[in-house]
Amino acid sequence: MGDQPAIVAEGLSKRFGQVRAVDGIDFEQPAGSVLGMLGPNGAGKTTTVRILTTLLAPDAGRARVAGLDVVKQAADVRRLIGLSGQYAAVDPYLTGRENLAMIGRLYGLGRPAARRRAGELLERFDLAAAADRVARTYSGGMRRRLDVAASLVAQPPILFLDEPTTGLDPHGRIALWELLGQLTGQGTSLLLTTQYMEEAERLADAIVVIDHGRVIASGTPSQLKTRIGGDRLELQTPPGGDPWPLAQVLAGLGTGPPVVDARAGRVVLPVTNGPALLTELAQRLATSGLQVADLALRRPSLEDVFLTLTSTPAAAAAHAPPDRADPAARADSPEPATGRTR
Amino acid sequence: MSTAFALPRRQVPALSQALANTGTITARNLRRLARVPTLIALATIQPILLVVLFNYGFGGAVHVPGVTHYIDYLLPGLFVLAIGFGASQTGVAVAEDLATGMIDRFRSLPIASASVLTGRVAADAVRNLFVIGLMIAVGSAIGFRFHAGPGTALATVGLAVAAGIAFSWLNLLLGIVVRDAETAGLAGLFPIIILFFTSSALVPVATMPGWLQAFAKANPITVITDALRALCLGGPTTRPVSEALAWIGALLLITVPIAINRYRHATSS
């Protein structure tokens, strides 16, 4: 069968009433790779995962998982996937061991095999000490680990994790990343949705950025950073300072409009020849009399990619000057890429 | 790199898989029944209280022609009430499973999809068997007797369990449709309470005002209680039992296909 992709989505759409949760999503994920699906809340990530895992039928478009149609061959798709959804879906009144053994039994393992597999996973996910306690007594992180372990019971070649580290403390997050790294090192294809740039950067071979149900950019993390181009000039107001006047001062200096994070008191400007700009910047600041607490010139992060490309109403308010419509804030960024042009 | 995704071989025929899946889900629900405090109370303390309170609360005032001990008249109706109360927890449980993502997990597994529902109904049946046994034991201690022999005693238990199966399906459907655990609980309880007090469960229908009698006679709780009572007390059983089975069958015929269909499209939100 050669290099069959793990997942192919073509024009996937799903609406709930008037809301177009997913509005024509295309992407392709090579087998054995990790795809990070990045997007703000309500972007359509979970709906996409639900379509791909056979839980929801799309209104339009098609998707293949392991070469199988997710609608017409749903039963076969379910034999090749593991899913860990947005909530830790474990039975609070069963012990960790019973939860995993139950999933094993449902996959058709015999009683001893199901218990053995449960034991292995509990060991691997650092839950052995709590194995025979009911899951109700687990911490959020333990419950989440148990949930991810449950998705691995049948050693599925394709794994879907919907915001797996949401609600975990930094320690738990890093521990889970390490486990997922091991897993994908062994050839498992992983589709991971996340709101955390760091997580996508750390785990994903490729990223699709989703907003308002559409793929607005895709590529490797470094491609995405290159695509939004240049460096970033970051200015920080003194505590409690208003960043909007700073943004006015910076107007026309960079390759695009300044992006304002009002809460953090920060303005980020995309620039190309940063060092040469500093003289001009110093003059403008001196003329304006504005105070700057910190100033840095740096390479763009995935977070810049995310903020440049996504525009929920809240983000638009937070990141564009008030007198500028949101599309203008994005006008100078490279053309919004679609996942796969057809 | 070869990336062919080989389907794991399916070793068992569909029916045995469905039975095995149902067994696994039944075991899950029975464990919960034994561990969740509310469920333990509903299956133990509540049935005992129902028997004792109704018997001593109403027994002094209610005199049913042809019945010496009120408990003989009362117990069959209380079977239905206890089973109805218990079934409301089934709607709660399925709504909780929806909310916590358990249903998403189950639906993403390669299992017979209805087994999540049939496993719940089977566990409910086991609980109902226990509850009825407990009520018979408590009832016997305060004077209840089967008047028509062990065969009809078994038939009584069988019919009560069958009614419980229909109640469970109805509540599964309610839970999937209303999706909210508290609402599902109330939606399951209200009809039972209203139908119970307007049925022949506590007092003969003939003692009710005329306008209520028509309703009470058609009331499924009256029909099922009368059938159970006929089996317990002796006398003609064919007609009441077939009417009860007709109600149970009709309820199943409506609720089972809709519940399974709704389940197949249900996702957490």
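**The sheet and its helices**

Author: This is a predicted model. One begins with strand order and direction: in chain A, four strands form an open sheet in the order β12-β13-β11-β14, with antiparallel pairing.

Reader: Which are the edge strands of chain A?

Author: An edge strand pairs on one side only, and here these are β12 (259–261) and β14 (294–298) of chain A. From one strand to the next, the twist averages 15°.

Reader: How many bridges join strand β11 of chain A to strand β13 of chain A?

Author: Six bridges link β11 (residues 231–236) to the antiparallel β13 (residues 266–271) of chain A.

Reader: Which strands of chain A does helix α9 touch?

Author: Helix α9 (residues 243–250) of chain A packs on the sheet against β11, β12 and β13 of chain A, and its direction makes about 20° with that of β13(A). Helix α10 (residues 274–288) of chain A lies across β11, β13 and β14 of chain A, at about 30° to β11(A).

Reader: What does the domain assignment of chain A give?

Author: The assignment gives domain 1 (7–223) and domain 2 (225–331) of chain A. Their C-alpha centres lie 35 Å apart. At the boundary, 14 residues of domain 1 of chain A are in contact with twelve residues of domain 2 of chain A. The elements giving two or more residues to the domain 1 side are α7 (197–203), β9 (206–211), β10 (214–219) and α8 (221–228) of chain A. The residues of that side divide into eight nonpolar, four polar and two charged.

Definitions and conventions. Residues numbered from 1 in each chain as written. Chains lettered and ligands numbered in written order. Predicted model: local features only at pLDDT ≥ 70, side-chain atom pairs only at ≥ 80, totals over all residues. Domains from an automatic or database assignment. Contact = placed C-beta atoms within 7 Å. Nonpolar A, V, L, I, M, F, W, Y, C, P; charged D, E, K, R; others polar. Pairing = 2+ DSSP bridges. Axes fitted to C-alpha atoms, helices over the stretch in contact; angles between N-to-C directions.
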